[in-house]
Amino acid sequence: MITNEIKAKIRAIVGAENALDSTIECFGYSYDSSFVPMETKNIPQLVVRPAAAEEVSQVMVLANEQGIPVTPRGAASGRTGGSIPLEGGISLSLDRMTKVIEFDEQNMMITVEPGMRTIDVYNYAAAKGLFYPPDPGSWKYSTIGGNVAENAGGMRAVKYGVTSNYVMGLEVVLADGTIIHTGGKAIKNVTGYNLTQLFTGSEGTLGIITRILLRLIPMPKMRNTLQMMFPQLDDACHTIRDMLLTGVVPATAELMDRVSLEAVARYRKLDVDPKVDACVIMEVDGDTKEDLKKQADRIETIAHKNSVLEVQVAASQQESDEIWAIRRGLSSAIGAMAPTRLGEDISVPRDAFPETVRLIRKISEKYKLTIAVYGHAGDGNLHPSVLCDLAKPEEAERAHHAVDEIFAAALSVGGTLSGEHGIGITKRPYITKALGEAGVNTLKLIKQSLDPKGILNPGKIW
Ligand SMILES: Cc1cc2nc3c(=O)[nH]c(=O)nc-3n(C[C@H](O)[C@H](O)[C@H](O)COP(=O)(O)OP(=O)(O)OC[C@H]3O[C@@H](n4cnc5c(N)ncnc54)[C@H](O)[C@@H]3O)c2cc1C
């Protein structure tokens with residue numbers, strides 16, 4: 001319960017206009033981009049929008065003293081319900097903290113506030129000739145703080161890795177208001193435990209990230225796109241495998257199965273060749289035209305050895321944009337196919353990708369549900385989407401069983417529950433299966449030592 005007295009103290013810290021408590025204002029902070037249904041119990045009592053780490057710290061001191069739950073929030077583009085305030089309390093929105101604090105060209109690093117949009121970090125660096133590679137599909141609206149909290153991935157992960165590969169240091173406000181600084185600009189650093197990586201991917205349960213030091217790399221001078229249509233899923237997967245084995249590493253290697261292609265075709269009023277079972281979209285990058293052509297030629301040769309039906313190498317930026325529009329529009333196209341889409345995010349060893357898709361197809365047949373599968377095939381991260389209508393109880397039951405079996409399938413091939421969306425609320429029931437009792441207990445010990453009262457993002461992960 002947040003009393004009027006506490007609200008007054010919080011308003012004195014952040015300014016009256018940045019502590020919202022009307023139901024209508026708070027309602028907007030009770031859901032995110034996951035399929036967790038909207039419920040009035042998830043409406044926070046207070047939305048707090050601090051402008052600086054010191055303000056976050058003072059709010060946390062109060063929350064910790066009073067035992068008030070605090071749920072950090074970026075842009076709410078999360079897919080696992082992470083920023084939903086399950087126990088009410090404070091929704092701590094970082095949306096006013098959007099500044100670049102320092103651009104250090106000599107060390108190729110940038111220090112930013114957590115509320116900055118991912119695409120703005122990319123654009124800021126790009127304007128200086130440097131490259132921030134992680135590009136979650138949501139990068140036009142997700143925040144960099146949310147990306148760090150989820151250790152977000154994206155399409156370029158196959159060549160450039162994920163958010164954690166770029167986080168050099170953090171400023172974090174702990175549950176009791178203490179401000180700590182982790183990591184730094186030294187490339188090599190083995191001073192104590194690696195707290196930077198501990199907070200990265202901690203889903204807002206261990207501290208509030210208020211400042212982020214990111215490493216940048218030189219921007220490749222040019223890019224091009226290839227689209228390939230295959231008669232069998234295995235042919236598509238083998239092309240990616242053979243290509244990586246021969247040392248060609250594209251920036252992205254995205255795969256869409258037949259169901260996904262049909263979804264896009266329906267959405268964009270196109271036809272899909274009945275012979276096509278899978279589509280792969282790749283981006284190659286480099287510094288010269290010859291460099292790009294060499295990579296594209298090698299990929300094409302490998303694709304032909306794997307029975308490719310059609311290869312399109314974009315001849316212009318417009319063609320490239322058109323190909324990517326198909327991939328970037330996929331999420332909406334699939335979403336439009338059914339009242340509910342249970343969009344998942346499993347990650348498996350690369351060579352288990354086709355086996356996993358086959359297992360998912362069996363699950364689809366078993367439960368008589370359409371399941372679209374697409375994903376970052378280059379790094380083994382799949383997004384199976386179970387299409388259903390959760391309003392129909394019998395169908396909802398089948399859909400939930402299907403999801404259970406998808407996770408079991410991922411674990412059975414040596415994979416994991418999440419490649420990039422985190423555990424949040426939606427995957428809590430499965431975490432012990434993935435990590436074992438002892439593994440989960442170890443995580444809980446870390447949580448207890450940093451947040452003994454359990455006020456930071458309660459109800460998430462386990
Ligand atoms: C269409 C679409 C495409 C997507 N594509 C991808 C993709 O390709 N790859 C990918 O990885 N994800 C993807 N996502 C998921 C989502 O965009 C990411 O998880 C993203 O990192 C969330 O950022 P956010 O700012 O919206 O955070 P939110 O959703 O607001 O929060 C996410 C979690 O981070 C915590 N948090 C937020 N800010 C902070 C902070 N400053 N300090 C501490 N904790 C904090 C929250 O409490 C919550 O647990 C996609 C989502 C959508 C809707």
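## Overall architecture

The protein chain contains 15 helices and 19 strands, and the model that shows them is a predicted one. Its C-alpha atoms, taken along the principal axes, fill a box of roughly 70 × 60 × 45 Å. A compact globule of 462 residues would have a radius of gyration near 23 Å, and because the protein chain has 23 Å, its value agrees with that expectation.

## Burial, contacts and surface

Of the 462 residues in the protein chain, 56% count as buried. When contacts between residues at least 6 apart in sequence are considered, 74% of them join residues at least 24 apart.

The accessible surface of the protein chain comes to about 19700 Å², and carbon and sulfur atoms account for 52% of that area. As for charge, the protein chain carries 49 positive and 56 negative charges, whose mean positions are 1 Å apart.

## Strands β3 and β4

Strand β3 covers residues 70–73 and is joined by 4 bridges to strand β4, residues 90–93, with the two strands running parallel. Within this pairing, Thr-71 of β3 has Ser-91 of β4 as its bridge partner.

In a regular strand the side chains alternate between the two faces of the sheet. In β3, Val-70 and Pro-72 point one way, whereas Thr-71 and Arg-73 point the other way.

Key:
Residues are numbered from 1 along each chain as its sequence is written. This is a predicted model: local features need pLDDT of at least 70, side-chain atom pairs count only at pLDDT 80 or more; totals for chains, interfaces and linings use all residues. Side-chain values use heavy atoms; hydrogens and water are left out. Buried means under 20% relative accessible area, exposed over 50%, partly exposed in between (1.4 Å probe, protein chains only). Two strands pair if DSSP finds at least two bridges between them. The radius of gyration is taken over C-alpha atoms; the globule rule is 2.2 Å times the number of residues to the power 0.38. Contact means heavy atoms within 4.5 Å. Accessible areas come from the Shrake-Rupley method with a 1.4 Å probe; for residues, only the protein chains shown count as cover. Lys and Arg count as positive and Asp and Glu as negative; His and the chain ends are not counted. The place of a charge is taken as NZ of Lys, CZ of Arg, CG of Asp or CD of Glu.
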